[in-house]
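Trainee: Please show me how to read a few features of a protein model, one at a time.

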Amino acid sequence: MHFAGKQLLTSELSFPYDKQHVQIVDSIIKTKRGYMCVRCNNDDQQLFASFPCARCGRICTYCRKCITMGRCSECNPLVIWTGPTPSISFSSPLQWNGQLSPAQQLASDEVCHAIDRNESLLVWAVCGAGKTEVLFAGIDMALSQGKRVCLAAPRTDVVLELAPRLANVFPSVDIAALYGGSQDRGKLASLTVSTTHQLLRYYRAFDVMIVDEVDAFPYSVDSMLSYAVERARKPNSSLIYLTATPNEQWQREVKSGQRKAVTIPARYHRHPLPVPTFEWCGNWQKKWRHKRLPSCVVRWVNEHLERNKQAFLFVPHIDFLQQVVPYLQQFHPRIEGVHAEDPKRKEKVLAFRRGQIPLLVTTTILERGVTVPNIDVAVLGAEQPIFTESALVQIAGRVGRSAQYPTGDVRFFHFGKTKAMVSAKRHIIRMNDEARKRGLIDK
Ligand SMILES: [Zn+2]
Ligand SMILES: [Zn+2]
């Protein structure tokens, strides 16, 4: 293992390294408010603990927030690489013959531009617009210039999906895939795909930092991860954010021109995004106490079973999911439910893809990433706080993604319209309007 571009705990340095190029800093410091962790920026005092430490033989304080990355304690300073990072350049390593849509091409050009000038850029691409391809030319250019590229994603699933795709189009490039338990842990490759957590081991390592699904949990709620992104990239580097659903503040900044952004408002197949319809379903929770569902929801389920059209039904909590699935199985024995802690999650999604499950009831875990052609979606209890604007846009974004089945029904069953529901609908309509204006959709 080479130390360049890293920040490691003293306890992790079991190999010889060039002491000339390192700086040793306290990993836990005292501030007016109490303790602060230099590795992860935690200053929530409840997330510090003291224990009789075997390393220093004293009562020692450590950070609980980043403990999964090794114990960051008072007696275990951080060793930070301050020397040069070796650079390897490739000559046009991209092997890809695909074609970009005009909107993708424009975004791709902007990405190249930002990478070339070490600027930041937000790529705001609707669900199913093909945002990964938009990065290819920029990554190709960066690698040709001897730059180190990191693509950070909030979730391990995304890392596992992206790493092989990139390895496929950049066959000659050394690629590291970093996530909890990965073989590549601690590697410094030319092209790195990493969970945002794993970036805590890197310091000023990357010339190009791309953050995927920047709005997704846990990045959006956890300042630790944005801190990790900032520390892992070089002071003079480019920063590219990708998302389908920027938060309100970012949307405002884009509108006012404070944040540089490029939008891809339409999908490759030139059909508009399906716009959600709202359907009031009364107090469904109260009804459910008598083991009844609103009649409009029952009708929706039956219609789909009769027409043999597959659908996702999103519900707000696991508790409700576990009760409603057996109930719905009376209508059809192959109806299934899936949630985050479900050990059979992968099998169920696969069975759904194969057409063996007519209706999959799910919590928000399937709001992203899962693409199945020709489905409809409904949300039961769309007024619940878990269904934020971004979650609802992502849910609607499951529908009509394939060129063969570019349309479908998106239904929000609710007990009172919320701001999030209205914003989500407006968001989708606005994207369709922009796409029409730019001639990116046919009707
Ligand atoms: Zn910490
Ligand atoms: Zn200690």
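Mentor: Start with accessibility, where under 20% relative accessible area is called buried, over 50% exposed, and the range between partly exposed (1.4 Å probe, protein chains only). N374 has a relative accessible area of 28%, so N374 is partly exposed. This is a predicted model, so local features need pLDDT of at least 70 and side-chain atom pairs count only at pLDDT 80 or more, while totals for chains, interfaces and linings use all residues. Residues are numbered from 1 along each chain as its sequence is written, chains are lettered from A and ligands numbered from 1 in the order in which they are written, and side-chain values use heavy atoms, without hydrogens and water.

Trainee: Where is the place of N374 in the chain?

Mentor: Helices (H or I, at least four residues) and strands (E, at least two) are DSSP runs numbered from the N terminus. N374 sits in the loop between β19 (359-362) and β20 (376-380).

Trainee: What is the phi of N374?

Mentor: Most residues other than glycine have a negative phi. N374 is not a glycine, yet its phi is positive, about 55°. R204, also a residue other than glycine, has a positive phi near 45°. R204 belongs to the loop between β12 (191-195) and β13 (206-211), and its 43% relative accessibility makes R204 partly exposed.

Trainee: Is C66 buried or exposed?

Mentor: C66 has a relative accessible area of 1%, so C66 is buried. C37 is buried too, at 0%. Contact means heavy atoms within 4.5 Å. Apart from neighbours within four places in sequence, C66 is in contact with C37, R39, C40, C72 and L200.

Trainee: What coordinates the zinc ion (ligand 2)?

Mentor: The SG atoms of C53, C56, C60 and C75 do so, at 2.2 to 2.4 Å. The angles among these four donor atoms are 103 to 119°, and the site is tetrahedral. The spacing of the donors along the chain is C-x2-C-x3-C-x14-C. C53 is buried, with a relative accessible area of 7%, whereas C56 is partly exposed at 29%.

Trainee: At roughly what angle do the axes of helix α1 and helix α2 cross?

Mentor: Two packed helices are described by the angle between their axes and the distance between the axes. Axes are lines fitted to C-alpha atoms, for helices over the stretch in contact, and angles run from 0 to 180 degrees between N-to-C directions. The axes of α1 (residues 102-116) and α2 (residues 133-144) cross at roughly 30° and come within 8 Å. Under 35 degrees is roughly parallel, over 145 roughly antiparallel, 65 to 115 roughly perpendicular, and the rest oblique. α1 and α2 are therefore roughly parallel to each other. Residues of α1 that meet α2 include A107, V111 and I115, and those on the α2 side include L135, I139 and A142.

Trainee: How do α10 and α11 lie to each other?

Mentor: The axes of α10 (residues 389-396) and α11 (residues 419-437) come within 8 Å and cross at roughly 50°. α10 and α11 are therefore oblique to each other. In α10, E389, L392, V393 and A396 meet residues of α11, among them M421, A424 and I428.

Note on methods. Donors are N, O and S atoms within 2.8 Å of the metal (3.2 Å for Na, K and Ca); water is not among the atoms, so sites may look incomplete. Four donors count as tetrahedral if all angles lie between 85 and 135 degrees; four count as square planar and six as octahedral if opposite donors are over 155 degrees apart and all others between 65 and 115; anything else is irregular.
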